[in-house]
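Subject: Handing over a structure

Hello,

I am passing a structure on to you, and I hope you enjoy looking through it. Please open it first, and then read my notes below alongside it.

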Amino acid sequence: MLDHLKIVQHPLVQHKLTLMRRKDTSTAEFRQLLREISLLLAYEVTRELPMTKTTVETPLKEMEAPLLAGKKMALVSILRAGNGLLDGVLELIPSARVGFIGLYRNEETLEPVQYYFKVPEEISERLVIVVDPMLATGNSSVAAIDLLKKAGAKNIRFLCLLAAPEGVQRMAEAHPDVPIVTAAVDERLNEHGYIVPGLGDAGDRMYGTK
Ligand SMILES: O=P(O)(O)OC[C@H]1O[C@H](OP(=O)(O)OP(=O)(O)O)[C@H](O)[C@@H]1O
Ligand SMILES: O=c1cc[nH]c(=O)[nH]1
Ligand SMILES: [Mg+2]
């Protein structure tokens with residue numbers, strides 16, 4: 001069992017997160033850093049993955065060796081910003097199936113608005129890793145996981161880059177069975193629901209839309 005909340009303290013992760021927070025970091029640098037961090041965070045969120053065995057012949061001998069049961073996994077990206085974490089994790093687990101949940105926050109109510117849902121078949125039999133760089137109020141991640149559970153998912157982990165204490169609390173109340181892996185938990189949310197000090201709007205910074 002993973003801990004309910006894992007903060008990845010690795011120096012490379014913390015260094016790259018600091019560079020991403022800087023307001024002067026360009027869109028291209030931001031995307032590149034997110035990709036690099038996603039590879040490092042993937043290491044933590046993939047602990048205790050389902051394994052299988054295969055027979056391999058080394059130059060010396062035949063042996064039974066462990067192998068990821070990758071087809072039994074699904075990575076689910078919360079659009080848009082989730083895609084910034086998705087690609088790196090998928091590179092490490094290329095046989096994982098991939099789903100997408102389209103959600104954006106209504107900027108006034110901070111409630112998520114759903115516009116897309118497509119997940120792999122047999123979702124109830126897979127380990128599902130949901131990815132989204134930001135956990136702020138928790139409204140988006142709670143809604144995404146509600147939808148996944150309604151579709152049958154039972155074994156879910158949530159991977160983000162940055163969280164607010166409010167979002168961690170909301171997830172713990174709504175989905176206590178879902179472990180969270182993140183690089184940091186910041187001070188608080190501001191009156192607009194942004195993480196403080198945070199890094200701004202991840203989607204806008206990734207794609208240069210503001
Ligand atoms: O915890 P919450 O308060 O729900 O906030 C977090 C959500 O906000 C951001 O998405 P956004 O709505 O900006 O959509 P985008 O990824 O399309 O930019 C982020 O990627 C999360 O999905
Ligand atoms: O600080 C925040 C909060 C929600 N979404 C973001 O991208 N950033
Ligand atoms: Mg956004």
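Leu110 is found in the loop that runs between β5 and β6 (112–118). Its phi is near 65°, a positive value in a residue other than glycine. Please keep in mind, here and below, that this is a predicted model.

Two peptide bonds also deserve a look. One is the cis bond that joins Leu79 and Arg80, where omega is about -5°. Arg80 has its place in the loop between β4 (73–79) and α3 (83–92). The other is the bond from Val196 to Pro197, which is cis as well, with omega near -5°. You will find Pro197 in the loop between β14 (195–196) and α6 (202–207).

Now to the ligands, starting with ligand 1. Which pocket does ligand 1 sit in? Ligand 1 sits in the largest pocket. The elements that give two or more residues to the shell around ligand 1 are β5 (97–105), β8 and α4. Of these, β5 gives the most, with three residues.

There are 16 residues around ligand 1, and those that come nearest are Arg105, Asp132, Thr137, Gly138 and Ser140. In Arg105, a polar side-chain atom lies 2.7 Å from an oxygen atom of ligand 1. For Thr137, a polar side-chain atom is 2.5 Å from an oxygen atom of ligand 1. Ser140 likewise has a polar side-chain atom 2.5 Å from an oxygen atom of this ligand. Taken alone, ligand 1 exposes 500 Å², and the protein buries 91% of that. Sorted by class, the shell around ligand 1 holds seven nonpolar, five polar and four charged residues.

Ligand 2 comes next, and this ligand too sits in the largest pocket. Which residues surround ligand 2? They are Arg105, Met134, Ala136, Gly193, Tyr194, Ile195, Gly200, Asp201 and Ala202. By class, that shell has five nonpolar, two polar and two charged residues. As for where some of them sit, Ala136 lies in the loop between β8 (134–135) and α4 (139–150), while Ile195 has its place in strand β14.

For ligand 2, the contacts I can point you to involve the backbone. A polar backbone atom of Ile195 is 2.8 Å from an oxygen atom of ligand 2. Gly200 has a polar backbone atom 2.8 Å from a nitrogen atom of the ligand. From Ala202, a backbone N or O atom lies 2.8 Å from an oxygen atom of ligand 2. On its own, ligand 2 has 240 Å² of accessible area, and the protein covers 90% of it.

Finally, some notes from the database record. The unreviewed UniProt entry carries the annotation "binding site" for Arg80, Arg105, Asp132, Pro133, Met134, Leu135, Ala136, Thr137, Gly138, Asn139, Ser140 and Asp201. Of these residues, Arg80, Arg105, Asp132, Met134, Ala136, Thr137, Gly138, Asn139, Ser140 and Asp201 are included in the lining of the largest pocket. Under the annotation "binding site", the unreviewed UniProt entry also covers Ile195, Gly200, Asp201 and Ala202. From this set, the lining of the largest pocket takes in Ile195, Gly200, Asp201 and Ala202.

Technical notes
Residues are numbered from 1 along each chain as its sequence is written. Chains are lettered from A and ligands numbered from 1 in the order in which they are written. This is a predicted model: local features need pLDDT of at least 70, side-chain atom pairs count only at pLDDT 80 or more; totals for chains, interfaces and linings use all residues. Side-chain values use heavy atoms; hydrogens and water are left out. A residue is near a molecule or strand if one of its heavy atoms lies within 4 Å of it. A polar contact is a pair of N or O atoms within 3.5 Å; within protein, one must be able to donate a hydrogen and the other to accept it, and residues adjacent in sequence count only if both atoms are side-chain atoms. Accessible areas come from the Shrake-Rupley method with a 1.4 Å probe; for residues, only the protein chains shown count as cover. On a 1 Å grid over the protein atoms alone, a cavity is a set of points where a 1.4 Å probe fits but cannot get out, and a pocket is an open set with protein on both sides within 12 Å along at least five of seven lines; lining residues have an atom within 4 Å of a point. A molecule sits in a cavity or pocket if more than half of its atoms lie within 2 Å of its grid points. Ala, Val, Leu, Ile, Met, Phe, Trp, Tyr, Cys and Pro count as nonpolar, Asp, Glu, Lys and Arg as charged, and the others, Gly among them, as polar. UniProt positions are given in the numbering used here, feature names are shortened, and annotations may be inferred rather than shown by experiment. Helices (H or I, at least four residues) and strands (E, at least two) are DSSP runs, numbered from the N terminus.
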